[in-house]
Every structure is written in C-alpha cells, then in structure tokens.
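Let us read this structure together, one feature at a time.

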Amino acid sequence: MQHKRFGMTGLQVPVFTFGGMRIPFGTEDPNAGAREENAIRTICRAVELGIDHLETARGYGNSEELFGKAMSHLNRDELILTTKIGPTDTYDDMRRSIDDSLTRMKLDYLDNFDIHGINTLEKLAKSVNAKECMKAVRRAMDEGLIRHLGFSTHGPLDVILETINTQEFESVNLHYYYFWQHNDPAVERAAELDMGVFIISPTDKGGLLHRPSRKLEELTAPYTPAALIHRFLLADERV
C-alpha cells in the first residue's frame, strides 16, 4: 500500500483509508451477532491489505465500539486511528466526549482527532473557543490523549477557508473531486500551510462511481470511473 506524508502531522498515511461510517448497525438487528463479526473481520482484512489508517466518528452509530472490538485482533502500534466529534458548547462536554470515545475504541490515545462538521461560522466559533471546546481538546493533547488535531467539513468554501486560516488545525477533511473542484482554493491554502488534506469518500460523494452510467464508463475506458477519479487524487501532491 502506498503511503503519503499527511502534512505537518508527519504521519505516513495510506492513500486509502478504512472509513467507519457504513459499518454500524442497530443492536435490535436480529442478525446483530453475525453483522458484528463481519464488521470486525472487514476491519481486520483492510489492515491485512495495508490500510493501516482507520477513521470513524462519534456520530456513526456503534462504529467506535466495533473498532474497539477489532483492536484485540490488531497491533495498535502499527495503526493510525482517527475519530471525530462535533463542536461542543462547554469544556466538560468535549472532555467527556473524548474520554467516552477512547473508552469505546479501547485506546489510550488517538493519533488524529477531528472536530467534526465545522459547516457554519457559528460552529467554527464554538470549535475554537479557547475557554471551552478548544481548551478541552488542547488539554487532552497536553495529556497525550490526542496527538494531532484536524477538522472535517461539509460547509461552504468561505467557512472552510476561514477555519483553515485560524491555523488551529493540522489537517482538513473535505470534499474535492474531479467532477466537483469547487473547494480547490481550500486545498491550495491548506497545502500552503502544510496541512494534511483528506478527501471524503471520493467514490461515493464524488459521483456515485460505484454505480456509474454506461456513458461515464465509455468516457473513462479503459479505466473504470472509480479508478480514474482515484488516479486524479493520487496524482495531486497536495492531497
């Protein structure tokens, strides 16, 4: 598996990450036992194939717990673990959320932590509040519970740029695809500041490329649409 330097974090991350948004399921599911086993096997298989960055979020159902159960089958020292938590109003809320996520994932520390969903200026202000949310994050970093700090966003370009320009964060998790390059100025600014740039599910959000039209398949031949779009991102040194 090819790895790339993740900006100023210095982390060497694989060019493909295992994202945990799709693996949760409800505990009332009559097939919960089989689905849990399948989820854990899938996580472990990804690591076997060299995908040693595992990424999830507090809001992804029971995803953190599934990652935690998989950890007993994996070598923690060989992995990069990320989770994401939305901005909170108070110090106590963020600190409690960080501690809960570490417990669920059965981790002593997170390699990378994202403040999740900075989509508006109001959420940005809440995120960087030095007396509340950000104070809790920085305290957790001082205690070694978090090693690197980034943010994720589905917001408009002006909000993304303003968040980047706070220079509070080491990385950004955003939308940027061959068919939708609107966030290119944010990718460029992040690269100027040596921030890591992580692209959100390009095969899905980048055009539902797992279900391409016949016309798109013809246009991208001899590559599949997904392969071509991945090549577009892999060729971008900023990503």
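Q: What is the order of the strands in the open sheet, and with what pairing?

A: This is a predicted model, in which local features need pLDDT of at least 70 and side-chain atom pairs count only at pLDDT 80 or more, while totals for chains, interfaces and linings use all residues. Residues are numbered from 1 along each chain as its sequence is written, and side-chain values use heavy atoms, leaving out hydrogens and water. Helices (H or I, at least four residues) and strands (E, at least two) are DSSP runs numbered from the N terminus, and two strands pair if DSSP finds at least two bridges between them. Here seven strands form an open sheet with parallel pairing, in the order β3-β4-β5-β6-β7-β8-β9; its edge strands, β3 (18-19) and β9 (196-199), each pair on one side only.

Q: How many bridges join β3 to β4?

A: Two bridges join β3 to the parallel strand β4 (residues 53-55), and Gly19 has Glu55 of β4 as its bridge partner.

Q: Which residues have the most contacts inside the largest nonpolar core?

A: Such a core is a set of buried Ala, Val, Leu, Ile, Met, Phe, Trp, Tyr and Cys residues joined through side-chain atoms within 4.5 Å, where buried means under 20% relative accessible area with a 1.4 Å probe, protein chains only. The largest has 57 residues, and those with the most contacts inside it are Ile98, Phe113, Ile115, Val137 and Leu174. Apart from it lies another core of five residues, among them Phe6 and Phe198.

Q: Which residues of helix α9 are buried?

A: In α9 (residues 225-234), the buried residues are Pro225, Ala226, Ile229, His230 and Leu233. They lie on the same side of α9, because their arc around the axis, taken from the directions from the helix axis to the C-beta atoms, is only 130 degrees.

Conventions. Buried < 20%, exposed > 50% of the residue type's maximum accessible area, 1.4 Å probe, protein only.
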